[in-house]
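Work through the exercises below with the model open beside you. Try each task before reading its solution.

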Amino acid sequence: MSNQTYLELHNIDQMFGTHQALKNVSLNIAEGEFVCFLGPSGCGKTSLLRIVAGLDTPTSGRIFQAGRDITHAPVNHRDFGIVFQSYALFPNLSVADNIAYGLVSQKVSTNERRARVTELLATVGLSGSEGKYPAQLSGGQQQRVALARALATSPGLLLLDEPLSALDARVRAHLRQEIKQLQEKLGVTTIMVTHDQEEALTMADQIVVMNQGVIEQIGTPQEIYANPISPFVAEFVGEMNFLSAKVSGVGQMQSGNLTLHCDSSSTLPIGQAAQLAIRPEDVRFQADNSAGNILNARVLNLEFLGSRVRSSLKLEDHERPIIADISMNEMSRLNLVLGQNIVCQFPHDRLHIFGGAA
């Protein structure tokens with residue numbers, strides 16, 4: 001992956017009648033980068049992908065690919081391969097003919113096409129499947145063929161539109177790893193649209209979190225997870241507990257009767273309404289009294305999730321329970337039971353502060 005910008009989107013707006021699907025979206029993608037557009041249904045991620053592919057034209061704004069203005073370039077004059085959620089393979093063509101489809105229109109010779117198909121099938125782990133038809137393949141195999149077809153013309157840009165959402169969980173996890181390894185090996189700049197946070201966190205170099213037609217945050221998976229810049233990002237990527245609070249001093253928040261100390265870098269003025277947030281895995285049960293933020297809670301519910309137990313805790317004078325994840329090792333040490341009163345702790349360096357009331 002280089003630092004050179006490969007794809008530039010400048011101030012993209014997209015209107016459908018009176019509905020604005022995209023609002024002033026700007027984004028730079030580096031050459032060889034794997035970028036995920038992540039967000040809920042209707043957030044604009046697919047609209048943005050379609051504009052990059054030339055399947056839709058932006059209402060305003062410009063797009064550059066490798067320095068070339070492609071804003072109004074027709075689809076066949078753009079350098080990309082695309083893989084759809086539905087695979088979109090031709091059922092009446094063999095695997096070899098499906099993969100070679102784009103090469104035929106490029107007038108590539110028969111021998112070269114055959115060699116390219118063989119090479120790509122080996123790359124996606126389907127050697128020897130040339131003569132089969134899509135109906136004879138599993139969903140995961142069909143998606144591999146769709147991927148090989150998209151890569152056949154050696155495009156500069158690979159577009160993946162929710163490519164794994166139709167597959168079962170085990171196949172999805174396996175193919176996720178394969179696609180990422182393949183992308184790194186080929187060095188092809190890739191954009192993937194997904195609503196699956198786990199997919200984005202495990203595959204992307206950069207995640208573009210979208211909400212209601214705007215980009216909420218751009219960052220590495222680690223940055224997005226550890227330092228969400230808005231309540232929406234905090235809740236959409238991973239899970240988050242929220243407490244209504246107000247700023248009561250430097251590095252100090254008041255939530256009901258609780259006084260909580262947190263990172264003093266918050267720029268919110270004293271008296272300002274805010275939301276305090278903490279990830280379920282950051283709630284501690286081995287309280288260090290010297291560190292503060294000790295809370296009394298009651299266990300409302302325990303949910304076994306394999307490698308961990310998710311507990312629902314009722315804090316004193318707070319209606320809304322919080323959730324805390326406990327490893328199985330810690331669970332056996334704590335021996336938690338329903339209705340038990342317990343002491344927990346919110347480490348001050350794990351609290352996130354967002355301005356505004358909940």
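**Exercise 1. Which residue follows H1, and is its phi positive or negative?**

Solution. Start at the end of the helix. Glycine 54 follows H1, and its phi is positive, near 85 degrees. A note on the numbers: this is a predicted model, where local features need pLDDT of at least 70 and side-chain atom pairs count only at pLDDT 80 or more, while totals for chains, interfaces and linings use all residues. Residues are numbered from 1 along each chain as its sequence is written, and side-chain values use heavy atoms, with hydrogens and water left out.

Now look at the helix itself. H1 covers residues 45-53. Seven of its nine residues are buried (under 20% relative accessible area; exposed is over 50%, partly exposed is in between, with a 1.4 Å probe and protein chains only). The buried ones are Lys45, Ser47, Leu48, Leu49, Ile51, Val52 and Ala53.

**Exercise 2. Describe the protein as a whole.**

Solution. Count the elements first. There are nine helices and 19 strands (DSSP runs numbered from the N terminus: helices are H or I with at least four residues, strands are E with at least two). Next, take the extent. The C-alpha atoms fill a box of roughly 75 × 45 × 35 Å along the principal axes. Then check burial. Of the 358 residues, 47% count as buried. Last, look at contacts (heavy atoms within 4.5 Å). Among those between residues at least 6 apart in sequence, 66% join residues at least 24 apart.

**Exercise 3. How do H2 and H4 pack, and at what angle do they cross?**

Solution. Two packed helices are described by the angle between their axes and the distance between the axes. Axes here are lines fitted to C-alpha atoms, for helices over the stretch in contact, and angles run from 0 to 180 degrees between N-to-C directions.

Step one: H2 (residues 95-105) and H4 (residues 139-151) have axes that come within 7 Å and cross at roughly 30 degrees. That makes H2 roughly parallel to H4 (under 35 degrees; over 145 is roughly antiparallel, 65 to 115 roughly perpendicular, the rest oblique).

Step two: H2 passes H4 in a right-handed crossing (the near helix is turned clockwise from the far one by less than a right angle; anticlockwise is left-handed).

Step three: Val95, Asn98 and Ile99 in H2 meet Val145, Ala148 and Arg149 in H4. By class, this contact has four nonpolar, one polar and one charged residues (Ala, Val, Leu, Ile, Met, Phe, Trp, Tyr, Cys and Pro count as nonpolar; Asp, Glu, Lys and Arg as charged; the others, Gly among them, as polar).

**Exercise 4. Where does glutamine 143 sit, and is it buried or exposed?**

Solution. Glutamine 143 is in helix H4. It counts as buried because its relative accessibility is 2%. Beyond four places in sequence, glutamine 143 is in contact with Val83, Phe84, Gln85, Tyr87, Pro163, Leu164 and Leu175.

**Exercise 5. Which residues have the most contacts inside the largest nonpolar core?**

Solution. Define the core first: buried Ala, Val, Leu, Ile, Met, Phe, Trp, Tyr and Cys residues joined through side-chain atoms within 4.5 Å. The largest has 43 residues, and Ile99, Leu147, Leu158, Leu160 and Ile179 have the most contacts inside it. H4 gives the most to this core, with six residues. Now zoom in on leucine 158. Neighbours within four places aside, leucine 158 is in contact with Gly81, Val83, Leu147, Ala150, Leu151, Val188, Thr189, Thr190 and Ile191. A second, separate core of 28 residues includes Leu276, Leu295, Leu315 and Leu334.
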